[in-house]
Amino acid sequence: MTSESPSLTGTDPASGPPPGCPAHGLGPGGLHRLYGPDAEDLGSLYERLREQHGPVAPVLLPDDVPMWVVLGHAENLQLVRSPSQYTRDSRVWTPLLEGTVKPDHPLMPHIAWQPICSHAEGDEHQRLRAAVTAAMATIDHRSVRRHIGRHTQALVNGFCERGRADLVSQFAEHLPMAVMCEILGMPEEYDDRMVQAARDALKGTETAIQSHGYVMSALSRLTTRRRALPEDDFTSHLIAHPAGLTDDEVREHLRLVLFAAYEATANLLANALRMVLTEPGFRAQLNGGQMTVPEAIEQSLWDEPPFSTVFAYYAKQDTELGGRRIRKGDGLLFAPAPGNLDPRIRPDLSAGMQGNRSHLAFGGGPHECPGQDIGRAIADVGVDALLTRLSDIQLDCAEEELRWRSSIASRHLVALPVRFEPKPQQDVEMPPRPVAVPPQRSPWQVGTLSSDPARATGPRTAPPGPPRIPAPVPAPAEPSGAPGVWRRLLLWWRGE
């Protein structure tokens, strides 16, 4: 039986709640807002909405624009896998057609239609998506792993001797940009300014437009350069595809790939490292061999997907989803974060999800993320190499002090301060090597020596000598009877 609900199209105005109703103080119709004070903890809000409305709930965007948020796992999959019923083209969205959504709406950069594959459908979607997918298929994953390893080594070298670091600003926000610049074919554009410009553009600050322009300028230069002189990189293959993308289409798809991969992977790296540092059972499984780093990454994708919600899908006709009547022109948020926590598929959230890749982190259907394997590789190799180099790494603050910058679209960890024993730098062209950490002296070993045993405050020990500096760990010797093993490992690391 279909549940009736307030119209989200604005064509059937719902009467307001009666005086004294708890809905007063919320939005029109007593609906919860996904912004402002009501949404300081969106995770808790989604669970309240699930209890109140079920797997599909009516909510309000900024300016009290109505929208549905899809909370159920099965319902999210139905949404993204039903192109005959739902489209990514916002030009059919009723609030936009009626002028409720103004041009300066804060979510307009996410909502506004653009000539890119993720907004197109039918033949145009196939043409644009085919070009992107074919260019992705040309990426040499051995070469990518070499880039990831080299940049990881370089980033860790930047702070390993200090014994302290912020793994968000010094690692998670840098590694994806460095690798994506290599993949696109513009390694010379990677620097602190490019990272900060991307972060600023994605945060939507007052300088976001200028930052977005800085990134687009680099992509424009790349497009012009590769149109004239193609090489073996993603941009050149995108340009050369028989789909015949114009320069504008090439730039827009480079922007789509760069921003989506950067934001998703930066969040994934930060989330995975936070789980390793704050959840003892998680780290114990890694150290004990019960869980591999790729499995740990998948667990992170279940628990904290890089994007909380994705803007947006729109109903092409009157339909039904999760027992809710969806009218033509209604907008719906694809929501991986609450969908992954659906109690119908995860009744026990503490249970591990090893080997299960049915999470919603990379979407599904015609618009499923085509570069998800690149994101996984950056996280897998980056996390593994960092933990190898800094095996004694610990969180350098109370877990309760960690802060996030939350929006409807994502939840971004602001900082992840860590400490460790200072380590020497390593050759960026070599695989990471663990460095022996001198054992810490237990408190009972420290005492005041005295010639009178009765006056000694601790057990008698030999006078301390000069500090012991651990010898560097040599490269593994070639196994007897298997010449070339270490060399093959080195060639694999270098992507040769």
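**Ground rules**

I number residues from 1 along each chain as its sequence is written, and I work with heavy atoms for side-chain values, leaving out hydrogens and water. As the model is predicted, local features need pLDDT of at least 70 and side-chain atom pairs count only at pLDDT 80 or more, while totals for chains, interfaces and linings use all residues.

**Entry 1: strand β3**

I began with β3, residues 65-70. My strands and helices are DSSP runs numbered from the N terminus, with at least two residues (E) for a strand and at least four (H or I) for a helix. I call a residue buried under 20% relative accessible area, exposed over 50% and partly exposed in between (1.4 Å probe, protein chains only).

How many residues of β3 are buried? I found six of the six buried, so the strand is largely enclosed by the rest of the structure. Val65, Met67 and Val69 point one way, Pro66, Trp68 and Val70 point the other way, and all are buried.

Next I looked up the partners of β3. I count two strands as paired if DSSP finds at least two bridges between them. With β2 (residues 56-61), β3 pairs in the antiparallel sense over six bridges, and valine 59 stands opposite methionine 67 there. The hairpin of β2 and β3 has three residues between the strands, and aspartate 63 takes a positive phi near 70 degrees in it. With β9 (residues 331-334), β3 runs parallel and is joined by three bridges; here I noted tryptophan 68 opposite leucine 332. A reminder to myself: strands of a sheet pair through backbone hydrogen bonds, either parallel or antiparallel.

**Entry 2: a three-stranded open sheet**

I then turned to an open sheet of three strands, in the order β5-β13-β10, with antiparallel pairing. Which strands stand at its edges? They are β5 (164-166) and β10 (394-395); each has a single partner strand, so one side of each is left without a neighbour in the sheet. Three bridges join β5 to β13 (residues 417-419), and I see arginine 164 opposite arginine 419 across that pair.

**Entry 3: salt bridges**

My rule for a salt bridge is a side-chain nitrogen of Lys or Arg within 4 Å of a carboxyl oxygen of Asp or Glu. Searching the whole structure, I get 27 of them.

Glutamate 249 bridges to arginine 127, with the closest N and O atoms 2.6 Å apart. This pair links distant parts of the chain: glutamate 249 is in helix α12 (residues 247-278) and arginine 127 in helix α5 (residues 122-137), 122 residues apart. Glutamate 249 is buried at 12%, whereas arginine 127 is partly exposed at 23%.

Arginine 255 and glutamate 252 form a salt bridge at 3.0 Å between the closest N and O atoms. Both lie in helix α12, three residues apart, about one turn of the helix. Arginine 255 is buried, at 14% relative accessibility.

Arginine 346 meets aspartate 303 in a salt bridge at 2.9 Å, N to O. Arginine 346 sits in the loop between α15 (336-340) and α16 (372-389) and aspartate 303 in helix α14 (residues 293-303), so the pair ties together parts that are 43 residues apart in sequence. Is arginine 346 buried or exposed? I have it as buried, at 3%; aspartate 303 is partly exposed at 27%. I also logged one network, in which salt bridges that share partners join Glu298, Arg357, Asp373 and Arg376.

**Entry 4: single residues far apart in sequence**

Alanine 377 is in helix α16 and is buried at 8%. Between alanine 377 and isoleucine 297 I count 80 residues in sequence and 9.8 Å in space, C-alpha to C-alpha.

Aspartate 427 belongs to the loop between β13 and α17 (485-494) and is partly exposed at 41%.

**Entry 5: glutamate 399**

Last, I looked up glutamate 399, which is in the loop between β10 and β11 (404-406). Glutamate 399 is partly exposed, with a relative accessible area of 38%.
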